[in-house]
Amino acid sequence: MNSRPTGVPSHLWLGAPIDARPLFAPEHAALMATLRGLAPADWGKEAVPGWTVRDVAAHVLGDFYGRLARDRDGHREGPSFAPGETLEAFIHRINQEWVDAFSRVSPAALTDTLDLVGGQVARFFEAADPDSPSLGVSWAGVDPAPMWLDSARDFTEFWTHRQQIRHAVGQDTDADPRFLSVVLDTFMRALPHTLREVAAPTGTQVQVRVDGPAGGTWTATAAGDRWSLAEPDAGRPAALVALDAETAWRLCTRGIQPDTALARARVEGDRELAGAACRIVSIVY
């Protein structure tokens, strides 16, 4: 889908790099435990609008194959953009085509294939150079992106799909802070892009705080021609948005809408800036 770029410019404004590489293997093990624990009827339950648990699992397998083909094996064949097709429309189309093609594959065969290929994906990421150039991350507004962000983005996708499967069968979100802290940290790298059209004096700060053991604080600063996560805190921000972890990750993946998140949040300072921060989205949407 994308050609391999030859260099990556400085992306200090994205904040400190995230190293998700050691987490791919345990996340994959958690996915396999979830899938192998499903009852036969669970596979047909709706996990996201229009997709069953089986469909989501097939989609994850497609992501696995895509990553290995493109970045490990240098394979450049595959679907291409239709005339006038946007990135979002292209991704949604090819995802649906893949899921439709896998409708003939049984849950047992799908699970075994996921186990085999997912282990290879984990080993690929473990060996990746985090500073090398990689695929763009559209929701962060960066293309090409450093591998640390691209790989962290994939980690959040695998984790999110596992939660969708869990919820479909009546299980709660896996709140293990080993995983969720990295997911939230990655999702918040969308803040500068989210605020890109918000005009504010240089030095204005908008802070998002997520409570709990997996939480943290992220401060976006108006810094000339863009907002940045790399500037030191200047004291009291112009706006503070405090969220619980469940609300935060669901907001970033559009499991809930910005108005709902804002209503649940504790807001201090400029409510307009707080509302702009709550428009964050950290998936292709």
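Helices α1 (24–36) and α4 (107–126) each supply at least two residues of the lining of the largest cavity, where helices (H or I, at least four residues) and strands (E, at least two) are DSSP runs numbered from the N terminus. The structure is a predicted model, in which local features need pLDDT of at least 70 and side-chain atom pairs count only at pLDDT 80 or more, whereas totals for chains, interfaces and linings use all residues. Residues are numbered from 1 along each chain as its sequence is written, and side-chain values use heavy atoms, with hydrogens and water left out.

A cavity is a set of points, on a 1 Å grid over the protein atoms alone, where a 1.4 Å probe fits but cannot get out; a pocket is an open set with protein on both sides within 12 Å along at least five of seven lines, and lining residues have an atom within 4 Å of a point. By this rule there are 2 cavities of 30 Å³ or more, and the largest cavity has a volume of about 60 Å³, a volume being the space filled by probe spheres set on grid points that are joined across faces, edges and corners. Its lining consists of F24, E27, H28, L31, F64, G118, V121, A122 and F158, with the largest share, 4 residues, coming from α1. By class, this lining has 6 nonpolar, 2 polar and 1 charged residues, where Ala, Val, Leu, Ile, Met, Phe, Trp, Tyr, Cys and Pro count as nonpolar, Asp, Glu, Lys and Arg as charged, and the others, Gly among them, as polar.

F158 of the cavity lining also takes part in the contact of α4 with α5, which is made by V121, F124 and F125 of α4 and M147, S151, D154 and F158 of α5, contact meaning heavy atoms within 4.5 Å. The axes of these two helices come within 11 Å and cross at roughly 155°, axes being lines fitted to C-alpha atoms, for helices over the stretch in contact, and angles running from 0 to 180 degrees between N-to-C directions. That angle makes α4 roughly antiparallel to α5, given that angles under 35 degrees count as roughly parallel, over 145 as roughly antiparallel, 65 to 115 as roughly perpendicular and the rest as oblique. The crossing of α4 and α5 is left-handed, a term used if the near helix is turned anticlockwise from the far one by less than a right angle, with right-handed used if clockwise.

Helix α2 (residues 53–72) also packs with α5, their axes coming within 9 Å and crossing at roughly 165°, which makes α2 roughly antiparallel to α5. This crossing is left-handed, and the residues in contact include F64 of α2 and F158 of α5; by class, the contact has 8 nonpolar, 3 polar and 6 charged residues. Helix α5 (residues 147–168) and helix α8 (residues 245–252), by contrast, pack at an angle of about 110° with their axes 12 Å apart, so that α5 is roughly perpendicular to α8. Here the contact is made by W159, T160, Q163 and H167 of α5 and E246, W249 and R250 of α8.

Two features of the backbone lie in loops. The peptide bond from D143 to P144 is cis, with omega near 0°, and P144 is found between β3 (133–134) and β4 (145–146). R254, although not a glycine, has a positive phi of about 60° and lies in the loop between α8 and α9 (258–264).
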